[in-house]
Amino acid sequence: MANIKLPKPEELSKIDHKPPQKRWMDTPAEFKQGMYCYGAKGKNLSAVDFPNARDWSPDDKDWKLPENWKEIVLEGMKERLGKYRSFHIFMDICVRCGACADKCHFFLGGGDPKNMPVLRAELLRSIYRKYFTASGKMLGKVAGARELTEDVLKELWYYYYQCTECRRCSLFCPYGIDQAEITMIGRELLNLLGLNTDWISGPVANCYMKGNHLGLEPHAIKNNIDFMVDDIETITGIKIEPSFNRKGAEILFVTPSGDLFGDPGIYTCMGYLMLFHELGLDYTWSTYASEGGNFGFFTSMEMAKRLNSKIYAEAKRLGVKWILGGECGHMWRIINQYMDTWNGPADFLEEPVSPITGTRFENAKATKMVHIIEFVADLIKHGKLKFDPGRNDQFKVTFHDSCNTARGMGIFEEPRYIIKNVCNNFYEMPENTIRERTFCCGSGSGLNAGENMELRMRGGLPRANAVRYVHERHGVNLLANVCAIDRAALPALMDYWVPGVKVAGVHELLGNALIMKGEKERTTDLRGDALPGKEGNEDA
Amino acid sequence: MGAIVAFIAVIILVLIVLAGTGAANLHFLLGVIIPYLTFVTFTIGVAYRVVKWGRSPVPFRIPTTAGQQKSLSWIKDSKLDNPSTTTGVIGRMGLEVLLFRSLFRNTSSKLYNGSIFAHKWEKWLWMGSLAFHWSFLIVLIRHFRLFMAPVPSLLHLIEAFDGFLQIGSPGIFVSGIILLGAVSYLLFRRFYIPQVRYISLTSDYFPLFLIIGIALSGILMRYFIKVDVVSAKELIMGLLTFKPIIPKGIGVIFYIHLFLVCALFAYFPFSKLMHMAGVFLSPTRNLANNSRMKRHVNPWNYPVKVHTYEEYEEDFRGKMKTAKIPVEKE
C-alpha cells in the first residue's frame, strides 16, 4: 500500500455526477485505493483506553471485530438517540429533497452518490429504521430499512471517513440537518469497535500523553520556538524572549501545534511572536496545553473533552486571567460551541479585557477565551499597530474561510479587516464559495493523511476551482486562511490544481507588515524571500 | 420502483372507498369511524413523537452560523442568520418556517469544460416548496367553513382573495390549482433529477401521490362532479358535535376525498411529514450562537479520565529542567 498512485489532474477532473442504475442499498461499498486512510494501531487505541485495541487494516477481509459487534453498535445508537436531540431528529425528519446533494465538496469532486450528504446520512438512517421504527421493522426495504451486516458496517466506515464535518450541507438544509453531527455520532459508533484511522488515533494518543498532536515534548517545543526567534532576529534585528509555563502571566496563549512545526505554519507562529513582543504582552506558552486543535473531536465527544480539559486546567494552574487562542478551524468550533459546556465553568478566570486598548470582550465573557483575530482587529481599530503593507506587495491575496470558523462561529469580517490593513492587494473569490458558503479544504476532520491523497484532491476541487478563478482573473498567488489544517493541507491542493499559489496564515502577513520598534530595514519576508525592490540586497 | 409501490398504494385506498360505498355499504365506517380514528391517531401520534424528541436533551449549543458573529462593537453582526439573542432566534425560525430561508439560499453546482464549477442561485425548489406549503395551508383554512357555523368573517376574506379570478360558477379558488401544480412539480423533480430519483424512497412518493389524490378529488368535487355540500357539512358538524349522522346521497367522490385526507393525517406521525414539528426543535436552527457569552449546560455531562499536569511533569521533568522550563517539583 506504500505506493498509491495519484491520477493526474486531467484524469481526476473527469467527474460523472450521474448515479448508477442499480439501487444504492444493493451496491456494497467498493474500497478504492487513495480514498481512505490506514487503520488505527493497537498501541494508540490502548493509550487512551479505546475498546478493541488491535492493529488492523481496512484492506483485510477480517476487521477483527468483537463477537457481539452488532449489539454494541445498536446499543450505542440507542444510547445516543436518547442523549442527542440533534441525532434523534436528524434520523427522523429528512424529506430527501436533495438540496444538500450538490453542496458537498466530496460529491462535487468525486461524483460518488453515497457522498451526497443525504445519502451518507441514509446509510445510518436505514439502520435506524430497521431497528428503531415500527415501519422499518415491518416493511423493511419498502420503508427504506436494512439489516446491519458486516458489509454495511464497512460501508459506514468508508463513507464516514469521507466527510470532513464541514457543515456546508446543514447551511442549505431547510431543517438544518447537519451531516457533521451525524458523522460525529457515526464515528463514535465505529470507535466503539476500535474502527479508527491511523492518522487520527496517532495524534490523539500523542495529544493525551504529550500535550499536542505532533508529540512534541516540552524541550522540543521550546527548541522549535527558539529557531523561530533566531529567524526573526535575522530578519528584523530584534531578539524576542518568549516564556514557557510561566506562572502569574496575564494571558495563556494556546494555538494548534501545527504552527510549531513545518512550513508554512511556522511563519504564522513567527507572526504571533512578533506581535506579542511588539505589544509587550504579558503572556506565556504552555508545553502541557500545547494543542489548540483536538483530534479527539474526530473520534468521540468523550475523547474530545478529555483532550480539551488541559486548556482550562493549565490556565488554572498558571493563574492567568484569560486565554488567547491562535488561528485554527475546528479548535474554534470547539471553543465556541463545546469547551465551556464540557470543562467549564471557568470561574477562576476573569472576563477578558485587552491590556492594550481596554476593550472588554463581551462575546467571550463566559469561556474567557478570545480569538487572536478578534484581539488584533481591535488593536488595529484603535491604531495600536503600525504596518508597512508594501512588504506584502509580492502577494496578491485571497482569503479562504475555514468551515468551522465560518459555520460554527461566524468570524468573517475580522480576518478581512486585518488582511486589508496589512496587504495592498486583496481579492475575494466568487460569493457562492466564501463566508458561510465556503468550500472545505477537503482534508478536515482528520483526513489530511498521505495515503488518501486522491480523496483530498477530489474534496478540495471546488475550493481550488474558486482559487483558480481569482488566480487567472487577478493573478492571485497567495491563499490566506486562519486554520492550521488549511496550512497543512492547502499547499498540496494548490500544487495539484492551481500551481503558483502559496498558502499563508493571516499572522504571517501581519508579521511581514508589522513595523516593530527598533527594527532594522527588512530585506526579506518571514519566509526569507527578498522583499519587492530589495532583490539585490539579499545576504548570500 | 418506490414510485410504483406508492402509486398502487394510493389506488388501493381509492378502491377501498369504491367498494365501501358500493356493495359493502360501509358509509358509517368511512364517514364516522375512520375520521374519528384518524383524529385520535394524528393527535396522539404527533404528541408522542414530539414528546419523545423532547426527552432527548440538547447537550451542546450547535447552531449553524450563517452570518457574522457578534463580537466587537464596530462590526455589524448578522442578527437573523447568526443570532446571539432569543429574539434573533425567533426571527431566524420565523424566516425558516414561513419563508424557507435556508432553501432560498439554494445553489446548483455544475461542471463546465472539464473542471470548472459554476455555482448558481437555484430558485425552483424554493418556489415549488413555498407554493406547495402555502397553498396547502390556505386550502386547509378554507375548509374550516365546513367546520364552523356561522362562518367567521376572516374566512370570507380569505375566500375573497383566493377567488379573485372570479371565473365561472362556482368561482375558481387559485389555491387549489397552485396546490395541484406545486405538488405535481415536486413529484416531477423526483423523477427528473437523477440524484433526487436515486435517493427517493417509497415513503417520499406516497405522500405526494396521496396529496395529488386529495387535490384532484377536491377539485373534481367542487367544479365537476358536484356533491351535496349541505349534506357534507351536516356530516362534518355531526362529527364535531359527537352526534354523527350519515346524510344520504352526498356522493362517492366526497368519501374518496375524505378517506384520502384521513390516510394522510393517520400516516403523518409515522412519517417524514413530522418535519413540520421537527424543524422547530432542530438544534442547528433554534439556538443562539452565544455559548462564549453564556454557559450552556449539558444535563448528562460526566467526569472523564484526563492526563493531569502532574502526570505530564512526572514523564518529562528531566527534559523540562534541562530546557529551563519551570517545574512544580524540583
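Helices (H or I, at least four residues) and strands (E, at least two) are DSSP runs, numbered from the N terminus. By that scheme, A:Lys368 sits in the loop between H15 and S4 of chain A. This is a predicted model, in which local features need pLDDT of at least 70 and side-chain atom pairs count only at pLDDT 80 or more, while totals for chains, interfaces and linings use all residues. Residues are numbered from 1 along each chain as its sequence is written, chains are lettered from A and ligands numbered from 1 in the order in which they are written, and side-chain values use heavy atoms, with hydrogens and water left out.

Stay with A:Lys368 for its backbone. Its phi is near 65°, a positive value in a residue other than glycine. Is A:Lys368 buried or exposed? Buried means under 20% relative accessible area, exposed over 50%, and partly exposed in between (1.4 Å probe, protein chains only). A:Lys368 has a relative accessible area of 11%, so it is buried. The loop between helix H15 (330-343) and strand S4 (369-371) of chain A also holds A:Pro345. A cis peptide bond links A:Gly344 to A:Pro345, with omega about -5°.

Two other loops of chain A carry backbone features of these kinds. A:Asn245, in the loop between helix H12 (218-236) and S1, has a positive phi near 50° and is not a glycine. A:Asn245 counts as buried because its relative accessibility is 2%. A:Pro264 lies in the loop between strand S1 (251-254) and H13. The peptide bond from A:Asp263 to A:Pro264 is cis, with omega near 5°.

Now move into H13. This helix of chain A covers residues 265-279 and includes A:Leu279. A:Leu279 is buried, at 14% relative accessible area. What does A:Leu279 touch, not counting residues up to four places away in sequence? Its partners are A:Ile356, A:Phe375, A:Leu379 and A:Leu385, where contact means heavy atoms within 4.5 Å. A:Leu279 and A:Leu379 are 100 residues apart along the chain, yet their C-alpha atoms are separated by 9.7 Å.

Next come the charged pairs. A salt bridge is a side-chain nitrogen of Lys or Arg within 4 Å of a carboxyl oxygen of Asp or Glu. The count over all chains is 57 salt bridges. One of them joins A:Asp49 to A:Arg306, with the closest N and O atoms 3.5 Å apart. This pair links distant parts of the chain: A:Asp49 is in the loop between helix H2 (42-47) and helix H3 (69-83), A:Arg306 is in helix H14 (residues 301-318), and they are 257 residues apart. A:Asp49 is partly exposed, at 45% relative accessible area. A:Arg306 counts as buried, at 4%.

A:Arg187 and A:Glu165 form another salt bridge, with 3.7 Å between the closest N and O atoms. A:Arg187 lies in helix H10 (residues 179-191) and A:Glu165 in the loop between helix H8 (150-160) and helix H9 (168-172), so the pair ties together parts that are 22 residues apart in sequence. Both A:Arg187 and A:Glu165 are buried. The side chains of A:Glu519 and A:Arg522 also meet in a salt bridge, at 2.9 Å from N to O. Salt bridges that share partners build one network from A:Arg96, A:Glu122, A:Arg125, A:Arg129, B:Arg190, B:Asp204 and B:Lys272.

The loop between H8 and H9 of chain A also contains A:Arg167. A:Arg167 counts as buried, at 1% relative accessibility. A polar atom of its side chain lies 2.9 Å from the backbone oxygen of A:Arg407. A:Arg167 touches residues of chain B too, including B:Ile62, B:Pro63, B:Thr64 and B:Thr284.

How values were computed: Polar contact = N/O pair within 3.5 Å; in protein donor to acceptor, adjacent residues only side chain to side chain.
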